[in-house]
Amino acid sequence: MSAFTGAASETASVPGAGADLLAALLDGMDAALCALDADGTITHWNREAERILGWSAAEAVGRRGFGGWAARGADAEETLGRLMGAMKGPGRQVHELALLRKDGGRVLVRSQAAGVRGADGGPAGVYCAFSEVHVQLDLERSVALSEALFEDASWGVVLVDADLRPAVVNGHAARAFGTGRTSLLGRPLGDVVVHGAEELEGALQHVLAEGTPPAPAEVWVTLRTPEGERRRCWRSGFLRLSSPMAEEPVPLGVAWLFQDVTEERLAVREADRLRFRWSQLHRAGAAAAECEEPEEAVTVLLDFALAGFADHALVDRVVGDRRLTRALATPPGAPGPSSPVVGGGIPLRYGPRHPALQAWDRSGAVRASAGRTAEVWAEAHQWPGDAAHALCVVLRTRGRTLGVLTFLRASCRPGFEREDVVYAETVASRVAAELGTDVPPEG
């Protein structure tokens, strides 16, 4: 024992102070630790070892090996031999040992033992750190889980520090952002998130201040990628991370886990939109059936069709060869019901490339959108000044073209898509049927 303690005390300039410092360091460790000299006599035993096995330092220090107190007689020599073998081998040796608690219960511990050299370079003893196997397994599971999350997880994982900047990013998250794993580190989220960064940062700040929210949240973001901007919906969960080493919880940051549910959300949105539109058409048909005049029925149909679909609707009737006149229109200044145009009958001065005339020539639908000068574009096409997107559909019934139905959207709304054409053509067929009640077939 004197050889080992002497080697330790030689490292301190003041022996008494060095011994006190060593004792304080050993007792402050989170791992159980004991030391044995070259003869196998225990020289050090810290408080964590006492907590696990129940034996105090006063009871442990000075004993040779573990026989008769911390190990069964049949296991004692083997246990001591395995630990002392660390003096001869390089590095650390890992063993699983069956020890005895002071109350007689058995406990399986995992130990890491390493040899200690004296001042002359010769073997002076062994130090051994150990913990209960289940504690070690819990730690290993935690480490394995962390590695799996950051390597193989099928959802995005981002660790954000207290300054709301990514500190660790897994491969799935990097692909979702359209960047590399390291290129995101330390950068504000606004560098890659064009729209939605404020919502994300607000959620992260809330988690840092208030703790983990009870349920996931869905966040829409627009990403800046080399291919252009992409809008995505991420179902996100947030976990506040606190240091286990501090007496009081100290936020280290936030673990942000997310899955891309864009396609799912768009499918639900599209289903809801279709359900609403066809419900509107059903209600419109029932209401139009009660109208005595065709123009009144058309007004009812358009009023129902505009809800959630467009801002304006115009009906241009045929008055001659490639000439149209405005018959019905919604108010140009504000949303409202469509009504007959006062003083109608004067042909509209549409240019040869006007979308309404193109729809007439094709006997189909034409979509168009303004550039940067939406007001000039709308004025040139003789549409309300706030129009920025147009969808023109021909009105045909009984083999004859009666005119063109035009739907218009303001610049604050997206342009018309292919899915919108089907709905517009359905509305147009019903409008044409009402307008063509008294129109004889061609020929």
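This is a predicted model: local features need pLDDT of at least 70, side-chain atom pairs count only at pLDDT 80 or more; totals for chains, interfaces and linings use all residues.
Glu218, Arg235, Glu264 and Arg265 are linked in a network of salt bridges. A search of the whole structure turns up 21 salt bridges, and we will visit three of them.

Glutamate 218 and arginine 235 form a salt bridge whose closest N and O atoms are 3.4 Å apart. Glutamate 218 sits in strand S9 (residues 217–225) and arginine 235 in strand S10 (residues 228–242), so the pair ties together parts that are 17 residues apart in sequence. Glutamate 218 is partly exposed, at 38% relative accessibility, and arginine 235 is partly exposed too, at 29%.

Now turn to a pair within a single helix. Arginine 275 and aspartate 272 form a salt bridge, with 2.8 Å between the closest N and O atoms. Both residues belong to helix H9 (residues 262–288), where they are three residues apart, about one turn of the helix. Arginine 275 is exposed, with a relative accessible area of 53%, while aspartate 272 counts as partly exposed at 40%.

Are the partners in the next pair buried or exposed? The side chains of aspartate 316 and arginine 326 meet in a salt bridge at 2.6 Å, N to O. This pair links distant parts of the chain, with aspartate 316 in strand S12 (residues 312–320) and arginine 326 in strand S13 (residues 323–329), 10 residues apart. Aspartate 316 has a relative accessible area of 0%, so it is buried. Arginine 326, at 14%, counts as buried as well.

Next, follow the strands into a sheet. Strands of a sheet pair through backbone hydrogen bonds, either parallel or antiparallel. Here you can find an open sheet of five strands, in the order S2-S1-S5-S4-S3, with antiparallel pairing. Its edge strands, S2 (42–45) and S3 (92–100), each pair on one side only. From one strand to the next, the twist averages 25°. Look at the S3 end: nine bridges join S3 to strand S4 (residues 106–117), and the two run antiparallel. Leucine 100 stands opposite arginine 106 in S4. Helix H5 (residues 73–84) lies across strands S1 (32–37), S3, S4 and S5 (123–132), running at about 160° to S3.

What about the cysteines? The structure holds zero disulfides.

Another buried residue is threonine 406, with a relative accessible area of 0%. You will find threonine 406 in strand S17 (residues 400–410). Apart from neighbours within four places in sequence, threonine 406 is in contact with His312, Ala313, Leu314, Trp383, Leu391 and Cys392.

Finally, step back to see the whole protein. It has 13 helices and 17 strands, and 42% of its 443 residues count as buried. Among contacts with a separation of 6 or more, 51% are between residues 24 or more positions apart. The accessible surface comes to about 23300 Å², and 54% of that belongs to carbon and sulfur atoms.

Terms used: Residues are numbered from 1 along each chain as its sequence is written. Side-chain values use heavy atoms; hydrogens and water are left out. Helices (H or I, at least four residues) and strands (E, at least two) are DSSP runs, numbered from the N terminus. Buried means under 20% relative accessible area, exposed over 50%, partly exposed in between (1.4 Å probe, protein chains only). Contact means heavy atoms within 4.5 Å. A disulfide is a pair of cysteine sulfur atoms within 2.5 Å. Two strands pair if DSSP finds at least two bridges between them. Axes are lines fitted to C-alpha atoms, for helices over the stretch in contact, and angles run from 0 to 180 degrees between N-to-C directions. Accessible areas come from the Shrake-Rupley method with a 1.4 Å probe; for residues, only the protein chains shown count as cover. A salt bridge is a side-chain nitrogen of Lys or Arg within 4 Å of a carboxyl oxygen of Asp or Glu.
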